[in-house]
Amino acid sequence: MARTVDPVAHAARREAFLDAAQQIIATRGYDALSIQDVLSATGASKGAFYHYFDGKAALLDALVLRMVDTAGPHLTTDGSALERLDAVFGGLADLKAGQRDLIIGMARVWMSDENAVVREHFRRRAITALTPILADIIRQGARERIFAVTDPDATAAVFAALVLGTNEAAMSMIGQELTFTQVSARLGAFGEAFERVLGVAPGALRFDRRLDVVREWFDAIA
């Protein structure tokens with residue numbers, strides 16, 4: 001007779017493996033992650049681990065997918081193209097704010113060579129997930145004659161890459177001895193790039209409001 005699997009317990013055990021892996025990567029880097037570390041952190045057997053994952057690469061893939069999927073519900077909304085785009089930026093900011101201590105704690109390790117594999121996996125997954133959302137918004141903006149673009153899908157891919165570039169730039173500055181003026185100038189340049197990609201007037205995306213969020217982070221770190 002086949003064994004009955006409790007779906008809630010099954011999902012909880014899988015999440016426990018992912019939580020342990022994320023904690024290790026956040027504090028020590030992906031290169032230092034071993035399956036034995038995950039087993040020790042969770043108290044699970046090797047057989048239990050391989051019931052969920054084929055190995056370290058599969059564990060990483062699942063972890064990155066979870067990180068990207070977590071952002072999904074924060075990025076979809078109704079309204080004009082500008083309102084929807086503003087909601088994307090706001091949703092990403094809210095998501096990060098909810099994990100501020102974790103992000104600040106892992107920033108240096110995240111940007112290290114040891115986590116290059118994780119960053120690249122995350123970048124690819126994030127662009128794949130974000131591009132269709134942005135393409136739909138940009139197509140709407142073109143219909144509303146707000147955005148001056150010739151190919152919304154191609155523009156969305158470029159815009160998604162800029163979003164990820166902004167995120168990495170912000171992460172790389174955590175822990176550096178920079179003034180808020182220096183930080184806001186570097187990130188403000190991304191705001192100008194966003195506007196140029198969409199062909200809108202300077203200030204149309206109100207990126208200055210995002211710098212208010214940056215100020216909150218800057219004060220929390222200082």
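Just after helix α1, Gly 29 adopts a positive phi of about 100°. The model is predicted: local features need pLDDT of at least 70, side-chain atom pairs count only at pLDDT 80 or more, and totals for chains, interfaces and linings use all residues. Residues are numbered from 1 along each chain as its sequence is written, and side-chain values use heavy atoms, with hydrogens and water left out.

## Overall build

The protein chain contains 10 helices and 0 strands. Helices (H or I, at least four residues) and strands (E, at least two) are DSSP runs, numbered from the N terminus. Of the 222 residues in the chain, 41% are buried. Buried means under 20% relative accessible area, exposed over 50%, and partly exposed in between, with a 1.4 Å probe and protein chains only. Among contacts (heavy atoms within 4.5 Å) with a separation of 6 or more, residues 24 or more positions apart account for 68%.

## Two helices and the residues that follow them

Helix α1 covers residues 7-28, and its 22 residues should span 32 Å at 1.5 Å a residue; the end C-alpha atoms are 32 Å apart, which agrees. The expected span is 1.5 Å times one less than the number of residues. Helix α9, residues 180-198, has 19 residues and reaches 27 Å from its first C-alpha to its last, close to the expected 27 Å.

The buried residues of α1 include Phe 17, Leu 18, Ala 21 and Ile 25. In α9, the buried residues include Phe 180, Ser 184, Leu 187, Gly 191 and Glu 195. An α-helix has 3.6 residues a turn, so residues three or four places apart point the same way.

A positive phi also occurs just after α9, where Gly 199 has a value of about 70°. Arg 145, a residue other than glycine, likewise has a positive phi, near 60°. Arg 145 lies in the loop between α7 and α8 and is exposed, with a relative accessible area of 79%.

## Individual residues compared

The table lists relative accessible areas for selected residues.

| Residue | Relative accessible area | Class |
|---|---|---|
| Phe 49 | 0% | buried |
| Ala 21 | 1% | buried |
| Phe 53 | 2% | buried |
| Thr 166 | 13% | buried |
| Arg 145 | 79% | exposed |

Ala 21 belongs to helix α1 and touches Leu 33, Val 38, Leu 59 and Leu 63, leaving aside residues up to four places away in sequence. Ala 21 and Leu 63 are 42 residues apart in sequence, yet their C-alpha atoms are 7.8 Å apart in space. Thr 166 sits in helix α8, residues 152-173. With residues up to four places away in sequence again left out, Thr 166 touches Leu 187, Phe 190 and Phe 194.

## Aromatic pairs and nonpolar cores

Rings of Phe, Tyr and Trp (its six-membered ring) pair if their centres lie within 6.5 Å; planes under 30 degrees apart count as stacked, over 60 as edge-to-face and the rest as tilted. By this rule there are 9 aromatic pairs. Phe 49 and Phe 53 form a tilted pair, 5.5 Å centre to centre with 45° between the planes. Ring pairs link Phe 17, Phe 49, Tyr 50, Tyr 52 and Phe 53 into a cluster.

A nonpolar core is a set of buried Ala, Val, Leu, Ile, Met, Phe, Trp, Tyr and Cys residues joined through side-chain atoms within 4.5 Å. The largest such core has 55 residues, and Val 38, Leu 85 and Phe 147 have the most contacts inside it. Helix α7, residues 116-143, gives the most to this core, with 9 residues. A second, separate core of 8 residues includes Ala 169, Met 173, Leu 178 and Phe 180. Beyond residues up to four places away in sequence, Phe 147 touches residues including Ala 81, Leu 85, Ile 137, Leu 198 and Val 200.

The lining of the largest cavity consists of Trp 110, Arg 119, Phe 122, Arg 123, Leu 164, Asn 167 and Glu 168. Helices α7 and α8 each supply at least two residues of this lining.

Terms used:
1 Å grid on protein atoms, 1.4 Å probe; cavity = no way out; pocket = protein on both sides within 12 Å on 5 of 7 lines; lining within 4 Å.
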